[in-house]
Amino acid sequence: MSLTFADAIARRKLSAPPEWEGCTYKWMDGTRDLIISGSVPRRLIRGPNKGQKRWARPLQTAVVTREEIETEAQRYEAETGNCSKCEGKGKVFREWSIETGTRYAPCPKCQGTGKAKGEPQP
């Protein structure tokens with residue numbers, strides 16, 4: 001499940017501008033629905049949090065279902081030819097530690113090719 005796809009669906013449902021980003025995500029209990037709240041963020045220009053994003057209030061909220069996310073992922077694969085799990089990068093997050101930082105693993109869906117299933121492999 002990619003939050004990138006969920007954000008795109010929420011943005012369309014809210015008729016929000018391309019700069020809109022989700023900032024809070026919560027799965028509804030007992031359903032397959034995701035509640036996304038967000039707005040167009042701005043970057044703080046001073047203070048201890050300089051450079052970090054701040055979302056304008058009030059936040060806009062949309063409900064996105066898992067089925068909608070799956071449909072969006074299929075549309076992405078059809079349009080780009082890239083794997084929807086790794087978004088064409090061929091690798092996915094594996095772990096993070098203070099000693100080694102972020103580590104990645106080959107995408108299990110495309111076996112590290114970055115291509116959507118059914119696409120010719122190089």
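Trainee: How many bridges join β1 to β2, and do they run parallel or antiparallel?
Mentor: Six bridges, and the strands run antiparallel. Keep in mind that this is a predicted model. β1 covers residues 21–27, and β2 covers residues 33–39.
Trainee: Which residue of β2 stands opposite Lys26?
Mentor: Ile35.
Trainee: And the hairpin, how many residues lie between the strands?
Mentor: Five. Gly30 in that hairpin has a positive phi, near 75 degrees.
Trainee: What about β2 and β5, in which sense do they pair?
Mentor: Antiparallel, over six bridges. β5 spans residues 60–65.
Trainee: Switching to helices. At what angle do α1 and α2 cross?
Mentor: Roughly 105 degrees, with the axes coming within 9 Å. α1 is residues 3–14 and α2 is residues 66–80. Angles of 65 to 115 degrees count as roughly perpendicular, so that is the label for α1 and α2.
Trainee: Which residues make the contact?
Mentor: From α1, Phe5, Ala6, Ala8, Ile9, Arg12 and Lys13. From α2, Glu68, Ile69, Glu72, Ala73 and Tyr76.
Trainee: How many of those are nonpolar, polar or charged?
Mentor: Seven are nonpolar and four are charged. No polar residues take part in the contact of α1 with α2.

Conventions
Residues numbered from 1 in each chain as written. Predicted model: local features only at pLDDT ≥ 70, side-chain atom pairs only at ≥ 80, totals over all residues. Heavy atoms only, no water. Axes fitted to C-alpha atoms, helices over the stretch in contact; angles between N-to-C directions. Helix = DSSP H or I, 4+ residues; strand = E, 2+ residues; numbered from the N terminus. Parallel < 35°, antiparallel > 145°, perpendicular 65-115°, else oblique. Contact = heavy atoms within 4.5 Å. Nonpolar A, V, L, I, M, F, W, Y, C, P; charged D, E, K, R; others polar. Buried < 20%, exposed > 50% of the residue type's maximum accessible area, 1.4 Å probe, protein only. Pairing = 2+ DSSP bridges.
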